[in-house]
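Please read this briefing beside the sequence and the 3D view. The points are grouped by topic.

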Amino acid sequence: AQGRNPYTNKKANPLAQLKTIVSKYIFIVIFFSLIIFLAVKDTHILSDSPRSALSYTESQKPILVSSDDIVITGKVVGISDGDTLTILDSNSRQIKIRLAEIDTPEKGQPYGNRAKEELSKLVFNKTVTIIQVDIDRYKRVIGKVYVDNLYINKELVSLGAAWVYLDYSKDPDLLSVQNEAKRHLRGLWSLPEDDIIPPWEWRRR
């Protein structure tokens, strides 16, 4: 007689089928949970990056940075005067930065050296983030400069180390900060009245 195949017509074990279904279900849940976790993590990283948002100091409003903005980072390796610095970027290129919307006393002008010292204390040998506003005729990057969450341009005005550059400023908060510095006689506002001269007028002499 012909031998009988022991696997023919063998009934499936319901318990085994259930275990298989549960295993597949658990695998799918874990797989999609991992995808969701990675997506949320990436979103959090992007929200903390300099290109997505930059926080101002406590008295300032956060400003969202457009994807069209040019953002530069580098280490400050030189200070030319109170409103001009040089950075070394990640490609070891030196880039000269002129702080936007402010103007500090010139060399030889009362408070000129002190303004340079104030900028140096805030940024020298530190990594800065710059939002590029323009390029001037001297090929310098005109920019808003930050060290972590501190907006340096505004900080210099608050310290009385810089004037609001009225012809180029678009930030109304800067004038409020300057008025406060004047009321408290900070920095250059503590000088004798004859020595308090806007840098743009000093340069015309």
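In what follows, buried means under 20% relative accessible area, exposed means over 50%, and partly exposed means in between, with a 1.4 Å probe and protein chains only. By that scale Asp173 is partly exposed, with a relative accessible area of 30%. This is a predicted model, in which local features need pLDDT of at least 70 and side-chain atom pairs count only at pLDDT 80 or more, whereas totals for chains, interfaces and linings use all residues. Residues are numbered from 1 along each chain as its sequence is written, and side-chain values use heavy atoms, with hydrogens and water left out.

**Overall make-up**

- The secondary structure comes to five helices and 10 strands, where helices (H or I, at least four residues) and strands (E, at least two) are DSSP runs numbered from the N terminus.
- Of the 205 residues of the protein, 36% count as buried.
- The protein exposes about 13800 Å², and carbon and sulfur atoms supply 54% of that area; accessible areas come from the Shrake-Rupley method with a 1.4 Å probe, and for residues only the protein chains shown count as cover.
- Among contacts (heavy atoms within 4.5 Å) with a separation of 6 or more, 55% are accounted for by residues 24 or more positions apart.

**Salt bridges**

- Side chains of opposite charge can pair when their charged atoms come close.
- A search of the whole structure finds 12 salt bridges, each being a side-chain nitrogen of Lys or Arg within 4 Å of a carboxyl oxygen of Asp or Glu.
- One of them joins the side chains of Arg98 and Asp83, at 3.5 Å from N to O; this pair links distant parts of the chain, with Arg98 in strand β5 and Asp83 in the loop between β3 and β4 (84–88), 15 residues apart.
- Both ends of that pair lie under cover, since Arg98 counts as buried at 9% relative accessibility and Asp83 counts as buried at 4%.
- Lys144 forms a salt bridge with Glu101, the closest N and O atoms being 3.8 Å apart; here Lys144 in strand β8 is linked to Glu101 in the loop between β5 and β6, 43 residues away in the chain, and both Lys144 and Glu101 are buried.
- The side chains of Asp173 and Lys154 meet in a salt bridge at 3.8 Å, N to O, which links helix α4 (residues 172–183), where Asp173 lies, to helix α3 (residues 152–158), where Lys154 lies, the two residues being 19 apart.
- Salt bridges that share partners join Asp83, Arg98, Asp103, Glu106 and Arg203 into one network.

**The largest pocket**

- The largest pocket has a volume of about 790 Å³; on a 1 Å grid over the protein atoms alone, a pocket is an open set of points where a 1.4 Å probe fits, with protein on both sides within 12 Å along at least five of seven lines, and lining residues have an atom within 4 Å of a point. Grid points are joined across faces, edges and corners, and the volume is the space filled by probe spheres set on the points.
- Of the 29 residues that line this pocket, the closest to its centre are Arg98, Asp136, Ile142, Tyr165 and Tyr168.
- At least two lining residues come from each of β3 (71–81), β5 (94–99), β6 (102–103), β7 (127–135) and β8 (141–147), and β7 gives the most, with three residues.

**Backbone points in two loops**

- Most residues other than glycine have a negative phi, and most peptide bonds are trans.
- Glu101, in the loop between β5 and β6, has a positive phi near 70°, and Glu101 counts as buried at 9% relative accessibility.
- Lys139, in the loop between β7 and β8, also has a positive phi near 70°, but Lys139 is exposed, with a relative accessible area of 70%.

**A buried valine**

- Val123 lies in helix α2 (residues 112–123) and is buried, with a relative accessible area of 0%.
- Not counting residues up to four places away in sequence, Val123 touches Val76, Ile79, Leu85, Val128, Val147 and Ile152.
- Val123 and Val147 are 24 residues apart in sequence and 7.0 Å apart in space, C-alpha to C-alpha.
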